[in-house]
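Please read the points below with the structure open beside you. They begin with the sheet and then turn to the nonpolar cores.

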Amino acid sequence: IITLPYHRERKGPKEVSSVRFFGGTPAQNARAFEQSGADVLRVVDWLQKESPETVDKTRFGVVGISLGAIVAHLAMGRDRRIAVGVAALGSGDLADLYRSSLLVKILHRQHPVPPIRSEKDFLPLLPADPLTYADRNRPRNVLMIQAARDLFIPPRDTTRLWRALGEPPIQWLDINHFALSLVPDQLMRSTLSWFEQAWAQGSETRPTGVPDISVPTLKFGTVALIGGDGHVVVTPAVQWQFHTFAKRRDHMSLLHLNAGISDRGALVGAGLTVNAFVDVGLMSRVPLTRLPSSLPFRPYLSLHVVY
């Protein structure tokens, strides 16, 4: 396990790790990514010197999540010794991430930086961008696990890197950036399965079976139910999207079934995804005190954020 720069014991007492990578100027952020990629390669150098009884020199792989996934892509592009990788919630195109990520916007509000005056200001990011080295990382075995509703890592940046890598196996999950933390055991099992397949087949042949990960899609927000008399009931609600019938081109669910809880009782319904924050469909409210003989389904609108 590599402790990245500016994390845990490698940061000052009042230092915020994310600021070093996403909250400074492009040049400052690039230095943090460069240092992280270099650290991974130094670990490979160290392992290379271990005895053959301790380390199999033909089986170097890397696993990264979020920031670690970006660094994993970067390290694989820079060093052909790393033949297998799993990158969850990462991306390339650091310049677009810098422009679009909600995390960057939040950090810049808390820690103001000089404004970007031209595209030249993004040039320092190129040596630290996985996109720069993507052509060197083909056809090695990279499994990508991504969040379709990610507000921190824009999905379009992930898609851009995926295409540059030659479209390796990828699993899109209908979640935001943090929900993968709900299923750490699944992530570990899928990672081990991927490594075992890749090593069994050789580094130049990608595994055919992509390990499956199932993560609950949880929605936090407000539901507006339209009654039979036209009266609208608005209530805060937590919903679980427990079944998906079809997916959109952007990898979010298209048609889905939901169950939830509100201050007016339980909720069950079928919905259509309008965008990452809005559903419409039919829903019924189930009183918690008694179970009615029938469930009247009414039109509903849901405004929410997915975990």
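1. β1 and strand β2 (residues 82-88) run parallel and are joined by 6 bridges. Within this pair, Val62 has Gly85 of β2 opposite it. Please bear in mind that the model is predicted.

2. The sheet as a whole is open and has 4 strands, ordered β1-β2-β3-β4, with parallel pairing. Strands of a sheet are paired through backbone hydrogen bonds, in either a parallel or an antiparallel way. Why is one side of β1 and of β4 left without a neighbour in the sheet? β1 and β4 (170-173) are at the edges and each has a single partner strand, so one side of each has no neighbour there. From one strand to the next, the twist averages 10°.

3. A helix also belongs in this picture. Helix α7 (residues 184-201) packs on the sheet and touches β1, β2 and β3. The direction of α7 makes about 155° with that of β2.

4. Which members of the largest nonpolar core touch the most other members? They are Phe22, Phe33, Leu67, Ile70 and Ile82, in a core of 37 residues. At least two residues of this core come from each of α1 (17-23), α2 (26-48), β1 (60-65), α3 (67-78), α4 (94-100), α5 (102-110) and β3 (141-147).

5. Leaving aside residues up to four places away in sequence, Phe33 touches Phe21, Phe22, Leu67, Ile70, Leu74, Leu94 and Ala128.

6. Another core, of 19 residues, lies apart from the largest one. Among its residues are Ala88, Leu143, Leu173 and Val183.

Key. Residues are numbered from 1 along each chain as its sequence is written. This is a predicted model: local features need pLDDT of at least 70, side-chain atom pairs count only at pLDDT 80 or more; totals for chains, interfaces and linings use all residues. Side-chain values use heavy atoms; hydrogens and water are left out. A nonpolar core is a set of buried Ala, Val, Leu, Ile, Met, Phe, Trp, Tyr and Cys residues joined through side-chain atoms within 4.5 Å. Buried means under 20% relative accessible area, exposed over 50%, partly exposed in between (1.4 Å probe, protein chains only). Contact means heavy atoms within 4.5 Å. Two strands pair if DSSP finds at least two bridges between them. Axes are lines fitted to C-alpha atoms, for helices over the stretch in contact, and angles run from 0 to 180 degrees between N-to-C directions.
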